[in-house]
Amino acid sequence: SLLVDVSQSALAMTRHMFKGNLKIIIVSHTVDGQIFADMHFPPIAEEYGKEYGVDYVHLGYYAGAEAGIASFLADISSTYPSDFNKIPLEDLPLMQTVKNHEQIDLAICATGGGDILPAWIRQAHTTYGIKMLLIPGGGVITYAVPYYPDQTLGIVGGLRGAAEYELLINRPGSAIAGMDSLSVSFAWLIILMLVCNIGYIRDRLSKGGAV
């Protein structure tokens, strides 16, 4: 599922792409992913004056994991006869020009699960040579690192990556706020560890033991 750090990275990158007038097609490999996209992408599109069906399309959830990715890249309409809102693909202008992998210039994989990262690398980059960007959650960054720089152009990893991206596009958001909270939490954890260790050392010394 999409974790907080992954979602904030994805939203920051969406703003960046809309600002650059890129066309976006959204697909989800989890059910909650399509719900997240339906909630957050339309307001961002409205913010940048983008029109649904022309500038971006939300296709929704695909089943089958890696097999679903392969089917989508080979023939989009065979995987998605209609979009998330049940609008037939032939009624969406963007989907008249994007039929399969040949019209896809960049694939961005945002996920909190490590298994889907290599699946997109294999199907999109290895099979068709599509450029890739990876947005892994903090717990699966290590799954993404081996693919850089040969098989992915870059990695926006974890909450820190999301916060850095927000700074790069000059749109501070919840990722930066989250990093502030995380830094305070880590500071308290370090202080507690120091206090506990000092207490342990004092206790051992008071009993005449070696530290």
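**Exercise 1. Find which elements the buried residues of H6 pack against, then check the helix's length and shape.**

Step 1. The buried residues of H6 pack against strand S1 (24–28), helix H3 (66–74), strand S3 (106–111), strand S4 (131–136) and helix H7 (141–144). Helices (H or I, at least four residues) and strands (E, at least two) are DSSP runs, numbered from the N terminus. Contact means heavy atoms within 4.5 Å.

Step 2. A word on the model: it is predicted, so local features need pLDDT of at least 70 and side-chain atom pairs count only at pLDDT 80 or more, while totals for chains, interfaces and linings use all residues. Residues are numbered from 1 along each chain as its sequence is written, and side-chain values use heavy atoms, with hydrogens and water left out.

Step 3. Now list the buried residues of H6: Ile116, Leu117, Pro118, Ala119, Trp120, Ile121, Gln123 and Ala124. Buried means under 20% relative accessible area, exposed over 50%, and partly exposed in between (1.4 Å probe, protein chains only).

Step 4. For the length, take 1.5 Å times one less than the number of residues. The 13 residues of H6 (residues 116–128) should span 18 Å, and the end C-alpha atoms are 17 Å apart, which agrees.

Step 5. For the shape, look at arginine 122, where a kink of about 30° is centred. The bend at a residue is the angle between axes fitted to the seven residues ending there and the seven starting there. Just after H6, glycine 129 has a positive phi of about 75°.

**Exercise 2. Work out the strand order of the open sheet and say which strands stand at its edges.**

Step 1. The sheet has 3 strands in the order S3-S4-S5, with parallel pairing. Two strands pair if DSSP finds at least two bridges between them.

Step 2. S3 and strand S5 (154–155) each have a single partner strand, so they stand at the edges and one side of each lacks a neighbour in the sheet.

Step 3. Between S3 and S4 there are 6 bridges. Cysteine 109 stands opposite leucine 134 in S4.

**Exercise 3. Identify the residues that touch the most other members of the largest nonpolar core, and the element that gives the most to this core.**

Step 1. A nonpolar core is a set of buried Ala, Val, Leu, Ile, Met, Phe, Trp, Tyr and Cys residues joined through side-chain atoms within 4.5 Å. The largest has 27 residues, of which Leu59, Phe72, Leu73, Met95, Trp120, Met132 and Leu134 touch the most other members.

Step 2. Two or more residues come from each of S2, H3, helix H5 (93–97), S3, H6 and S4. H6 gives the most, with 6 residues.

Step 3. A second, separate core of 18 residues includes Met13, Phe36, Ala45 and Tyr56.

**Exercise 4. Describe the salt bridge of lysine 23 with aspartate 55 and that of glutamate 164 with arginine 160.**

Step 1. A salt bridge is a side-chain nitrogen of Lys or Arg within 4 Å of a carboxyl oxygen of Asp or Glu. The structure holds 5 of them.

Step 2. In the pair of lysine 23 and aspartate 55, the closest N and O atoms are 2.9 Å apart. This pair links distant parts of the chain, 32 residues apart. Lysine 23 is partly exposed at 48% relative accessible area, whereas aspartate 55 is buried at 13%.

Step 3. Glutamate 164 and arginine 160 meet at 3.0 Å, N to O. They lie 4 residues apart in helix H8 (residues 158–168), so about one helical turn separates them. Glutamate 164 is partly exposed at 38%, and arginine 160 is exposed at 59%.
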